[in-house]
Amino acid sequence: NKFVFAGLDNFKQVIAELRMEGGMLQEALKTSIIVFFTGLIPMPLSLIVPFYIYKKMAGHSFFKVVLFLPSVLSGMVVALSYKYMVNQVIPEILLDYFGIVLKPLLGTRETTFGTIYFYNTIMSLGGNILVYLGVLSRIPESINDYTRLEGCGLIQEFFYIHFVQ
């Protein structure tokens with residue numbers, strides 16, 4: 001029942017566990033690096049989709065419903081629906097139409113991480129898109145008129161007008 005100063009022993013232990021082949025810390029570090037770098041992938045979608053909806057291009061209402069619906073529905077309902085879809089619906093469709101036997105995606109070690117990561121990415125898109133749509137809606141109509149008069153294309157408008165402010 002006494003306190004002892006550990007010094008650098010904790011750091012030595014972490015480094016030793018990271019060097020250990022197949023150790024839990026090594027696996028956690030690898031997963032963290034993957035999540036960090038692949039977390040950059042949804043960012044362009046979080047910018048492009050709100051711009052697409054803001055410009056009221058073909059199918060913008062469909063995107064609103066599909067991307068906002070998980071944010072509005074109860075998290076439990078969405079999670080259970082997703083679990084049912086990836087464990088039963090997708091394997092059954094692949095078997096019936098393509099003859100491909102697929103184990104439940106949340107039932108195998110190889111596919112669980114990707115399946116959960118995909119779910120988290122889709123769930124985060126709705127909130128990000130809502131924020132960016134709010135930002136785009138605050139742009140004065142006079143700026144949009146100006147871009148049309150100057151012959152600014154969609155890509156120029158996207159990069160130089162809407163997301164520079």
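Start by selecting Val66, Pro70, Val78, Tyr82 and Ile122. Of the 15 residues that line the largest pocket, these five lie nearest its centre. Keep in mind that the model is predicted.

**The largest pocket**

Now show the space between them. The largest pocket holds about 310 Å³. Colour three helices next: α4 (60-72), α5 (75-98) and α6 (109-137). Each of them supplies at least two residues of the lining. Then colour the lining by residue class. You will find 14 nonpolar residues and one polar residue, with no charged residues.

**The second largest pocket**

Move on to Glu27, Lys30, Thr31, Ile34, Arg109 and Phe113. Together they line the second largest pocket. Its volume is about 180 Å³. α2 gives the most, with four residues. Colour by class again. This lining has three charged residues, two nonpolar and one polar.

**A stop in the loop**

Select Thr108. It is found in the loop between α5 and α6. Is Thr108 buried or exposed? Its relative accessibility is 15%, and buried means under 20%, so Thr108 counts as buried. The side chain of Thr108 makes a polar contact with the side chain of Thr111, at 2.5 Å.

**The largest nonpolar core**

Next, select Val49, Ile53, Tyr54, Leu67, Phe68, Leu125, Ile129, Leu133, Leu136 and Ile139. These ten residues make up the largest nonpolar core. Which helix gives the most? That is α6, with four residues.

Zoom in on Leu133, one of the core residues. Set aside its neighbours within four places in sequence. Leu133 is then in contact with Pro50, Ile53, Tyr54 and Phe68.

Finish with Val78, Tyr82, Val86 and Leu105. They are among the five residues of a second, separate core.

Notes:
Residues numbered from 1 in each chain as written. Predicted model: local features only at pLDDT ≥ 70, side-chain atom pairs only at ≥ 80, totals over all residues. Heavy atoms only, no water. 1 Å grid on protein atoms, 1.4 Å probe; cavity = no way out; pocket = protein on both sides within 12 Å on 5 of 7 lines; lining within 4 Å. Points joined across faces, edges and corners; volume = space filled by probe spheres on them. Nonpolar A, V, L, I, M, F, W, Y, C, P; charged D, E, K, R; others polar. Buried < 20%, exposed > 50% of the residue type's maximum accessible area, 1.4 Å probe, protein only. Polar contact = N/O pair within 3.5 Å; in protein donor to acceptor, adjacent residues only side chain to side chain. Core = buried A, V, L, I, M, F, W, Y, C linked by side-chain atoms within 4.5 Å. Contact = heavy atoms within 4.5 Å.
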